[in-house]
Structure formats: structure tokens, C-alpha cells
Amino acid sequence: MADSTIITSQYVQIDQTPASIGERILARVIDFLLLIVYSYALVAVFSLAAKYMDFLLEDDVFAVCIVVVLLPVFFYTLLWEVFNRGQTPGKKALGIRTVMKDGSVPTLSAYLLRWLMMMVDFYLLQFVGALSILLTENRQRLGDLAAGTIVIKEKNYRRINVTLDEFRHLSADYRPVFPQAENLSLEQVNLISQTLFRYDTQRPQRIRELSARVRSFLHIDPQMHDESLLQTLVRDFQYYALEEI
């Protein structure tokens, strides 16, 4: 399927590729197999423990143990996606991830809604989820449509996540101060950012030394405070990075 397009809150157009139905089914198969392994392993452990602790076979205790064992199975998808930024082990193996339609990380309510709708997509009305994925433009099952989510290929996620989470401060009318910032590498910008956000007694000296190196490397010598210069260069680099998306 061709890439779909989203517009971020920074008025930046980003192309993203929805995961195919084959990838999503295979990811679910992997997750299902992991759940089977987990369940069998817990049953084996419980059976072994019961041989030495007879109280485990009492009705009340047995019921509690079953509930404890089944809870992770029941909430498997929800827990993994909430705590792993939209990925279950199956999705991670296939290189796909759940995000909001605007590319941002889903909210807890979005995760919860798509998880609840799974009952309809795959259990109450068999194959309706697969049919929805096949027929919708962004390959969304009913749970995705209700929650406003989309499952995309992982290769697109870093670009989208960086755009939304790191470039929030760039307004639509922002204009760079130093065109030379475009020549900086990602590693150099990361070094600048780490220097700016590392607060200790050596911070002023590090900023002063790094600023001197940057001025020499980019052949610029503005009448600007060292810290302000570095902050401006980071923003300018982000501006040019967004232009390439």
C-alpha cells in the first residue's frame, strides 16, 4: 500500500506506511504463541508446587491462583502497548507499532478503547477486524477507527516521534538564524543538547569550550552568549531536519 499522509501540529507533512494485514496477523500469531508458552509454563510450575504444598489444591486458593495466572494473559495486549510505546513482542518482531493518526504516542484511553474493541474485532464478530483492515485506507480495524490509532511500519516511527516530541517549540513561521546549522551532523547536535541539559559545576566551562569549537567549525562569530548560540543552533538544525521530512 502507498504511504499515507498526516499533518502534525507543527503544520509539517509526514508520510507514513500502514502495516499490512499480513504483518498484523503474523504479529498476533507470535503474541499468541508467547501466551501459550507462558500459560503452559505457569501450569507446570503450579502443578509442581502443588505436589509439595497441598493447600494450593484447596478450591479458594486454586481459584485465586488461576486468576493470577490468567490476568496477564487477559491484559497482554493492553499492558504491552501501554508500557512499550505501542508495541507487543509480536509487533516488535515484525517492526510495526501502534501510534495515533497524527503520529504521536497514543493516550491511555486510546490504548484502552482499541483493546476493548478487540472483543468485537476478533471474538464477537469473527473476521470483521480483518475485513476492516482490508477496506480502510489506513489499514485500521474497528478498534483503531474508534481510538483514532493506526499501526505503522517501525521505520517511520522514529521520524514521526522526533517531529512531535522534540520539535514542539518550532512554530510554523520559525526562520533559522544560522544556515550553517544544516551542516551539523546528528551526533554533533546530540552532543550540543547533552551539554546544554547536563547541569553540574562544570557546565559553564563545557558550554564555553563547546561554543568556541562550534564557532570555529562553522566559521561564525556572532555577538551572542555561548549558551544562546548553542540553543539557537539546535533549533536551526531541527528546522532544516523538518524541511527534509
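Student: What links Phe74, Phe75 and Trp115 into a cluster?

Tutor: Ring pairs do. A word on the basis first: this is a predicted model, where local features need pLDDT of at least 70 and side-chain atom pairs count only at pLDDT 80 or more, while totals for chains, interfaces and linings use all residues. Residues are numbered from 1 along each chain as its sequence is written, and side-chain values use heavy atoms, with hydrogens and water left out.

Student: How many aromatic pairs does the structure hold, and what makes the pair of Phe74 and Trp115 stacked, tilted or edge-to-face?

Tutor: There are four aromatic pairs. For Phe74 and Trp115, the ring centres are 5.4 Å apart and the planes meet at 85°, so this pair is edge-to-face. Rings of Phe, Tyr and Trp (its six-membered ring) pair if their centres lie within 6.5 Å; planes under 30 degrees apart are stacked, over 60 edge-to-face, and the rest tilted.

Student: Which parts does this pair tie together?

Tutor: Phe74 sits in helix α2 (residues 59-74) and Trp115 in helix α5 (residues 108-124), so the pair joins parts 41 residues apart in sequence. Helices here are DSSP runs of H or I, at least four residues, numbered from the N terminus.

Student: How do you know whether Thr88 is buried or exposed?

Tutor: Its relative accessibility is 1%, so Thr88 is buried. Thr88 is found in the loop between α3 (76-83) and α4 (89-94).

Student: What does the side chain of Thr88 make a polar contact with?

Tutor: With the side chain of Asp31, at 2.7 Å. A polar contact is a pair of N or O atoms within 3.5 Å; within protein, one must be able to donate a hydrogen and the other to accept it, and residues adjacent in sequence count only if both atoms are side-chain atoms.

Student: Where does Ser132 lie, and is it buried or exposed?

Tutor: Ser132 belongs to helix α6 (residues 128-135) and, at 9% relative accessibility, counts as buried. A polar atom of its side chain lies 2.6 Å from the backbone oxygen of Gln140.

Terms used. Helix = DSSP H or I, 4+ residues; strand = E, 2+ residues; numbered from the N terminus. Buried < 20%, exposed > 50% of the residue type's maximum accessible area, 1.4 Å probe, protein only.
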